[in-house]
Amino acid sequence: MSSNSTSTSTSHPFIVPNPSDLRSPCPALNALANHGYINRDGRNITVHALVEAMHEVYSLTKPLAYLLALAGVLLCGDGRTVDLHRLAKHNVIEHDASLSRQDTQPPNVYAPICADPILVSKLMRVSQNDFLVLSDLAVTRVIRESEALGGPLNPLRAEVGRAESALILQVFGGERLEVDKSVLCVWLVDGRLPESWQSPRGTVGIRTTVSVGRRIADVMDSIRNRERGRPSPLGPYHLTLFPLSRVLRSLMFGLTS
Ligand code: HEM
């Protein structure tokens, strides 16, 4: 297991980016740049650098790391490298209904890079515990998609959004997939890897990311079906979602003002 707390505080200290440094809407990549695992200026980041950094810090398997890195470099870069700010180009990889970033406001072509404190605060208040679990992220995704578009994202972007939540759960949630809110907050807002956090013990791969994403989709479908008064496809499991429906309603109508 790589002990991240040692490496971040010594060989890879957190340094606040200079105004000329480039950053992305992705908290994972911003943190890698802020700790010097990839170029701190956010420029000319190669596939190799991305893969090695994601493998070392977030314990991603090489196939998953390559998949993400190639998507970034081919879709938003020059085919060999990418500058972080280019990842913010709207509706390429970047999408509406992010958990922590505001949507792109037309006529802008690039999405906001920084986390929005109100969105982060709503995410943290989705549960009363000190940690977030899978259903908390699913509830928040339903709310954000409803706020942004009045309904679900298109299937491809919805899949990307769920994969991002699946990565949060696996990278920060340990075996129980329980994500410490204070750790998540620091990562989302400051792009910093907290010293209390350790890289995942096991690896995070394509298969588990798809499977956790599928579970998030099931919970999201169940919430939406309940809101429409249809029977839940999850069968008896839907009973455990009853409180979620109330959380959803209170967040949408109670806390949004
Ligand atoms: C080269 C690899 C990667 C690329 C190109 C990439 C790209 C992006 C982009 C463009 C976004 C903005 C999407 C949006 O919210 O509109 C994003 C968000 C996000 N990324 Fe990454 N990412 C990469 C790796 C990772 C890794 C390794 C993780 C997890 C450890 C991760 C976690 C997230 C999360 C959680 C969000 C959503 C933030 C939010 O909803 O507010 N990404 N990523």
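Predicted model: local features only at pLDDT ≥ 70, side-chain atom pairs only at ≥ 80, totals over all residues.

Residues are numbered from 1 along each chain as its sequence is written.

**The ligand and its shell**

Select the ligand first, together with the 26 residues that surround it, of which the closest are Cys26, Ala28, Gly72, Ser98 and Ser100; a residue belongs here if its C-beta atom, placed from the backbone, lies within 6 Å of the ligand. Helix H2 (27-34), helix H3 (47-58), helix H4 (62-76) and H7 each supply at least two residues of this shell, where helices (H or I, at least four residues) and strands (E, at least two) are DSSP runs, numbered from the N terminus. By class, the shell holds 19 nonpolar, four polar and three charged residues; Ala, Val, Leu, Ile, Met, Phe, Trp, Tyr, Cys and Pro count as nonpolar, Asp, Glu, Lys and Arg as charged, and the others, Gly among them, as polar.

**Helix H2**

The buried residues of H2, among them Pro27, Leu29 and Asn34, pack against H3 and helix H8 (181-190). Just after H2, look for glycine 36, whose phi is positive at about 75°.

**Two helices that cross H9**

Now show helix H7 (residues 155-172) with helix H9 (residues 206-227), whose axes come within 8 Å and cross at roughly 110°. That angle makes H7 roughly perpendicular to H9, a term used for 65 to 115 degrees, whereas under 35 counts as roughly parallel, over 145 as roughly antiparallel and the rest as oblique. Axes here are lines fitted to C-alpha atoms, for helices over the stretch in contact, and angles run from 0 to 180 degrees between N-to-C directions. To see the contact, colour residues including Arg162, Ala166 and Leu169 of H7 and Val212, Gly213 and Ile216 of H9, contact being counted when C-beta atoms, placed from the backbone, lie within 7 Å. This contact of H7 with H9 has seven nonpolar, five polar and two charged residues.

Residues of H6 including Leu134, Ala138 and Val142 meet residues of H9 including Ile216, Val219 and Ile223, and the contact divides into nine nonpolar, one polar and three charged residues.

**The loop between E2 and H5**

Finally, select proline 107, which lies in the loop between strand E2 (81-82) and helix H5 (117-124); a cis peptide bond, with omega of about 10°, joins proline 106 and proline 107. Asparagine 91 has its place in the loop between E2 and H5, with a positive phi of about 60° although it is not a glycine, and asparagine 91 counts as exposed because it has 12 C-beta neighbours inside 10 Å. Alanine 97 also lies in the loop between E2 and H5 and has a positive phi, near 65°, but alanine 97 is buried, with 21 other C-beta atoms within 10 Å.

Notes. Contact = placed C-beta atoms within 7 Å. Buried ≥ 20, exposed ≤ 12 C-beta atoms within 10 Å, placed from the backbone.
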